[in-house]
Amino acid sequence: MDTSGRPGADDMRRLFLGPAPAYTRRQVAEAAGIPQDLAARIWRALGFATFADDAVAFTEADLEALHRIRDLLDAEMLDERTVIRMARALGRTTARLAQWQAEIMVDALIEPGARAGEDALRQVMDTVSRLLPDFEQTLVHVWRSQLAATASRLVSLAEPGEDVSPTRPRLAVGFADLVAFTRVSRELDELALADLVEGFESRASDVIAAHDGRLVKTLGDEVLFTAADPRTAALIALDLLDELKRDAEGPDVRVGLAYGPVLPAMGDVFGTTVNLAARLTAIARPGTILADSELAAGLAGAPGVDLVKLRRRPARGLGVVEPYVLRRASRES
């Protein structure tokens, strides 16, 4: 705490990390029995700054974590490349999570536009200290549940009698895009724009989760999702249009869908199928869903949906495509 009595960065560090640092980067690596170079690579992969050689910046918890990594390497359960990749995945994900949760707590406890005075910061620290144990346990539970869901999806992708092929699964890929977002964003103040983006992302994620799809990522005015089969992707897209257009004055939404092999990497998906879904989104009219021929073929005879073939047209970088408009079937049909 600084001389004014205002909580400072050191107080926040003690709140989250406990006892003060006790090791330099050389000392913590030597104590853990890990080469200096590898320890530095792990630290960078986690997303943390490089400290000076004489900076006492590492705690007993850091040492314990390095001990665990050394044990995994010694037992040959993981190699160095895998350790660095896992560290990068952990660092990127938790950095975004921490930033997001901090913003939520500040927004909940401090009035928008108000200065964070001593009393407000004390209230934040007190609330966080009481919530932290529950947050930590919930985080581990949700992470394990997400691992279970991911493993279940992976197994379900294999046809009966076939081996699971996690490196190149066939998936339905969808993009949902807010139309004219750039123009709309210029007309809104910062708070209204934040509400628009958060509302779009939260509604989209709810719809995708309800159908057991996977929200791959959000890009402000766009969401990317995957589903195990064309039928599920179609239901997600139809419900997205209904849900996101509940506000009559809100911006229109358009969706592009494609089905085929994808390359999962770094929590994302890549490949021609993903690119095709993006191109279809770009050429879709506001309030419509465009699907490629593979996804349309997978919906043949599916109840509750109608498909209308459009004329063939060029798609940048992909040649000529044959899109289909996907609609919810009318009750009379």
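Me: How many aromatic pairs does the structure hold?
Reply: Heads-up: this is a predicted model, where local features need pLDDT of at least 70, side-chain atom pairs count only at pLDDT 80 or more, and totals for chains, interfaces and linings use all residues. Numbering runs from 1 along each chain as its sequence is written, and side-chain values use heavy atoms, with hydrogens and water left out. Rings of Phe, Tyr and Trp (its six-membered ring) pair if their centres lie within 6.5 Å, with planes under 30 degrees apart called stacked, over 60 edge-to-face and the rest tilted. Aromatic pairs held by the structure: three.

Me: Is the pair of W43 and F48 stacked, edge-to-face or tilted?
Reply: The two ring centres are 4.6 Å apart. The planes sit at 35 degrees, so the W43 and F48 pair is tilted.

Me: Is α2 roughly parallel, roughly perpendicular or oblique to α4?
Reply: Helices (H or I, at least four residues) and strands (E, at least two) are DSSP runs, numbered from the N terminus; axes are lines fitted to C-alpha atoms, for helices over the stretch in contact, with angles from 0 to 180 degrees between N-to-C directions. The axes of α2 (residues 25-32) and α4 (residues 60-74) come within 9 Å and cross at roughly 40 degrees. Angles under 35 degrees count as roughly parallel, over 145 as roughly antiparallel, 65 to 115 as roughly perpendicular and the rest as oblique. That makes α2, relative to α4, oblique.

Me: Which residues of α4 make the contact with α2?
Reply: Contact here means heavy atoms within 4.5 Å. From α2, the contact uses V28, A31 and A32. From α4, the residues are D62, L63, L66, H67 and R70.

Me: Where does E76 lie, and is this residue buried or exposed?
Reply: Most residues other than glycine have a negative phi. E76 has a positive one, near 55 degrees. Its place is the loop between α4 and α5, and with 71% relative accessibility it counts as exposed.

Me: What is the phi of D212?
Reply: D212 is in the loop between α8 (190-210) and β2 (214-218). Its relative accessible area is 53%, so D212 is exposed. Its phi is also positive in a residue other than glycine, near 65 degrees.

Me: How far apart in space are R88 and A45, C-alpha to C-alpha?
Reply: R88 is in helix α5 (residues 80-109) and is partly exposed, at 34%. In sequence, R88 and A45 are 43 residues apart. In space, their C-alpha distance is 4.5 Å.

Me: What share of the 333 residues is buried?
Reply: The protein has 11 helices and 11 strands. Of its 333 residues, the buried share is 33%.

Terms used
Buried < 20%, exposed > 50% of the residue type's maximum accessible area, 1.4 Å probe, protein only.
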